[in-house]
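Here is a short tour for anyone meeting this structure for the first time. Take a look at the sequence and the model, and then we will walk through some of the features together.

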Amino acid sequence: MKHPVVKETEERMKKTLSAVEDEFKKMRTGRPSPAVLEEIKVDYYGTPTPINQLATVSVSEERTLLIKPWDKSVINSIEKAIMASDLGLNPQSDGNVIRLVFPTPTTEQREKWVKKAKEIAENGKVAIRNIRRDSMKKVKEMKNDGELPADDAKRLEDEIQKLTDNYIEKIDEAFEKKKKEIMEF
């Protein structure tokens, strides 16, 4: 059975890894992904609404996202929201469907995206190390207060360090996967 401190540490580290992976999903890469639209909100009858709640979003052809609104009256609003976003894409509409064509990114753009992904990964690793520091501090306090024998404290510290190494490795793996995705043509 895991000690509560180790359990809490692992939960917090899982959340951090999950947050890093979510950030990666939202990043634009050379290939289109419906996830890039998740943050874009459309004014739908006075309510900011995510595009995926107003339309079917799918990938068609090599570099095109298809957005098919259920309510045709919202097409102009979706186009405006996409143009106002920082995606840098121009939506093309035929009145029924919006096409978002992703141009082939330049090497410079790809390198910029990899740099951004590396920044996200580094922030995640800093967060993991901060969680380790907090947990180690708790273990030390428990040992000093006599709640925990020294050998148990050492075992917990080792477990926390193993968790830290494991989650930092997972963040590195997620980064490498994202980097590969960004750099492929």
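Helix α4 gives the largest share of the lining of the second largest pocket, 4 residues. Helices and strands here are DSSP runs (helices H or I, at least four residues; strands E, at least two), numbered from the N terminus. This is a predicted model, in which local features need pLDDT of at least 70 and side-chain atom pairs count only at pLDDT 80 or more, while totals for chains, interfaces and linings use all residues. Residues are numbered from 1 along each chain as its sequence is written, and side-chain values use heavy atoms, with hydrogens and water left out.

Which residues line the second largest pocket? They are Glu21, Phe24, Lys25, Ala174, Lys177, Lys178 and Glu181. Both α1 and α4 supply at least two residues each to this lining. By type, the lining has 2 nonpolar residues, no polar ones and 5 charged ones. In this sorting, Ala, Val, Leu, Ile, Met, Phe, Trp, Tyr, Cys and Pro count as nonpolar, Asp, Glu, Lys and Arg as charged, and the others, Gly among them, as polar. The space in the second largest pocket comes to about 200 Å³. A pocket is an open set of points on a 1 Å grid over the protein atoms alone, where a 1.4 Å probe fits, with protein on both sides within 12 Å along at least five of seven lines; lining residues have an atom within 4 Å of a point. Grid points are joined across faces, edges and corners, and the volume is the space filled by probe spheres set on the points.

Helix α1 covers residues 4-26, 23 residues in total, and reaches 33 Å from its first C-alpha to its last, close to the 33 Å expected at 1.5 Å a residue. The expected span is 1.5 Å times one less than the number of residues in the helix.

The buried residues of α1 include Val5, Val6, Met13, Leu17 and Phe24. Buried means under 20% relative accessible area, exposed over 50%, and partly exposed in between (1.4 Å probe, protein chains only). Helices α3 (107-144) and α4 (150-183) are among what covers the buried residues of α1. In α4, the buried residues include Leu156, Ile160, Tyr167, Ile171 and Phe175, and their cover includes α1 and α3.

Glutamate 10 belongs to α1. Is glutamate 10 buried or exposed? Glutamate 10 counts as buried because its relative accessible area is 17%. Leaving aside neighbours within four places in sequence, glutamate 10 is in contact (heavy atoms within 4.5 Å) with Lys2, Leu163 and Tyr167. Alanine 150, in α4, is exposed, at 53% relative accessibility. From the C-alpha of alanine 150 to that of lysine 180, 30 residues along the chain, the separation is 45 Å.

## Two nonpolar cores

The largest nonpolar core has 27 residues, of which Phe24, Met27 and Val139 touch the most other members. Helices α1, α3 and α4 each supply at least two residues of this core, and the largest share, 10 residues, comes from α4. Another core of 20 residues lies apart from it, with Leu54, Leu65, Ile82 and Leu100 among its members. A nonpolar core is a set of buried Ala, Val, Leu, Ile, Met, Phe, Trp, Tyr and Cys residues joined through side-chain atoms within 4.5 Å.

Not counting residues up to four places away in sequence, valine 139 touches Val5, Leu148, Ala153, Leu156, Glu157 and Ile160.

## Residues in strands and a loop

Isoleucine 98 sits in strand β6 (residues 98-101) and is buried, at 0% relative accessibility. Its contacts beyond four places in sequence include Leu65, Ile67, Ile78 and Pro91. The C-alpha atoms of isoleucine 98 and lysine 68 are separated by 6.5 Å, though the two are 30 residues apart along the chain.

Lysine 41, in strand β1, is partly exposed, at 42% relative accessibility. Beyond four places in sequence, lysine 41 touches Pro48, Thr49, Pro50 and Ala81. Tyrosine 45 lies in the loop between β1 (41-44) and β2 (47-50). Tyrosine 45 is exposed, at 67% relative accessibility, and has a positive phi of about 50 degrees although it is not a glycine.
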